[in-house]
Structures are given as C-alpha cells and as structure tokens.
Amino acid sequence: YSDDGGGSWTQANSPTQNLITTIEFIDERHGWAGSHDTLVLHTSDGGENWEIQHEDLVVDGDIAKPVLDILFKDRDHGIAIGAYSLMMTTSDGGKTWEYEDTSELYDLLAANDMEPEPGFHAISPMGSGYLIVGELGTVLFYDPDGVATAEDDTEAEADTEAMASADDESAEAPLQAGPWRILPSPYEGSFFGANASLSSGDVLIYGLRGRIYRSSDQGMSWERVRVPGVTSNIFDTVELSDGSVIAAGGTGTLLRIQPGSEVAERIPYDNFNSFVSIKRLRDPLVIA
C-alpha cells in the first residue's frame, strides 16, 4: 500500500499467500480483495492490514472457485463474481457472504447453446442492474431485483424480437429469465473487463487480442474500437477528466480512446511489462 500517492510502497499485512485477483475500495479506508479458494479479504485502514472475511475450499461439493471481481455500491452492499459463474452477495459489509443461485442462468444459456457455466470476469453498474462479461464472449445483464430488463418488460420484448429476427433459430429460445438477460455479443473470445460508468453514457467491453467494443444503447449493439497493430489482451480501462479513456493490457500495451473515436491511439511505452490494472488517483494515473 501507499499513503503518499504512489511515491513509496509498503508490504501490506495479509493473512494469505493466495494470488490476489481484484481489489475494490468504496472509500479511502474500506476495501475488499478477491482471490483463489473463493477468498475475500477486507481492510478498514486503507490497505495496511487485511483480514479474511470469507474462504471456501469446497463450494457445493465442487472445487473452490476463484473470485475475479468485486463491486460495492456502498459500505454494506457488494457483489463478488468469479469462475464457473460464481456469484456471492453481502448486505453487511462482507461479514457474511451468500451464494446466489444461478440455475436460471444455467438453463437460459443451455437453451441458447451457450456454455452454461461461463467464468464471470468483470462486473460494472449499468442502468437498473449490472453488466457482467466473461469467457467465450459472455455478455449479460443482471438485475438483482429480479427484473430481467434494463427498462421495462415492453421494451425487453421488443429487444428480444429484434435480436431474434436476425436468426430464426434463436427465436425458439428465450433471451431472458428471472434476473438475467443475454445481451448480443460482438466476439466469441473472452472479455476481461467492462466499463459502463463513462460520462458519455457509452459502455466499453474488452479482452482477448486487443479487442475493444463500444455500445451506445446499453449493450444492445456494439461497434469495434480498432487498435492497429495491437494483439495483446486488454485488461482494464479508466476515464480521464477530459472524457478520454486509457486502456491497459499485456506486453506494455497502453492506449488512449478519445470520446466517440473509432480508433484507439497507442501511447508510447518502451518496455514489455503486462499491465493488469489501472486506477485514476488524479491526472496523471497510477498503472500496475
């Protein structure tokens, strides 16, 4: 952790040697970290000291599932997602975590000839619910209140008919069930991140081989943001104060996407370190 804006760093006190996959802070002091073995850590002092809030080496008789992303909307209410469609929620700041039943999603994906238990890689607030992306081109809308639409049932039916009209076979399978809606996916490869919090209202998803896609209609259609000469994976993005977006990825990949631009600009970087996370403390950024 650093208490001087990244000028110096100190090894935090952590009770595990597991690989840390994600960190989420709701304010300057309270944060959560996800890890393998369905492990969730918590800090209340800005990251200097961490404690185990949840760990489960066996989940429902199955292997332990890595936590890959965590999102809190306030200090009490959070969602953790991960491999094999892992989803846990808390309403008490992580003191207790409950496994969410994803059987409706399993049946929905299977009915559409999709992987029924895809890995959930990233979650981002979108509309009345959340955008979740993952492996094998998984793009989903999740409404924890049990409403499968981002707007209302009438609009959802119109969206479903529009999506199904392009393919008669898809009309035979529903695109939504309970709190879940399958959104159209622009790519069959894995997505590692999603950013649905841009000031423009646009949504970005990104992942394998430099793939970045933008949506201006809450994920109902996508256009590709071209990244000439880049085939490295894109892992994270962050918006700057001018509305531009910085993307970070493998082999030293740093990109700038100007608002509305169809092409990402390469930011010169002479080394080949793989960047997996990027956070805006201020302009300029801190990248790791």
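Thr90 in strand 9 is the bridge partner of Gly78. The model is predicted: local features need pLDDT of at least 70, side-chain atom pairs count only at pLDDT 80 or more, and totals for chains, interfaces and linings use all residues. Residues are numbered from 1 along each chain as its sequence is written, and side-chain values use heavy atoms, with hydrogens and water left out.

**The sheet**

- Four strands make an open sheet, in the order 7-8-9-10.
- Strands here are DSSP runs (E, at least two residues), numbered from the N terminus.
- The pairing in this sheet is antiparallel. Two strands pair if DSSP finds at least two bridges between them.
- Strands of a sheet pair through backbone hydrogen bonds, either parallel or antiparallel.
- Strand 7 (67-72) and strand 10 (98-99) stand at the edges. Each has a single partner strand, so one side of each lacks a neighbour in the sheet.
- Strand 8 (residues 78-82) and strand 9 (residues 86-90) are joined by five antiparallel bridges.

**Two residues with positive phi**

- Most residues other than glycine have a negative phi.
- Ser85 has a positive phi, near 60°. Ser85 sits in the loop between strand 8 and strand 9.
- Leu136 also has a positive phi, near 55°. Its loop runs between strand 12 (129-134) and strand 13 (139-142).

**Buried or exposed?**

- Ser85 is buried, with a relative accessible area of 5%. Buried means under 20%, exposed over 50%, and partly exposed in between (1.4 Å probe, protein chains only).
- Leu136 counts as exposed, at 52% relative accessibility.
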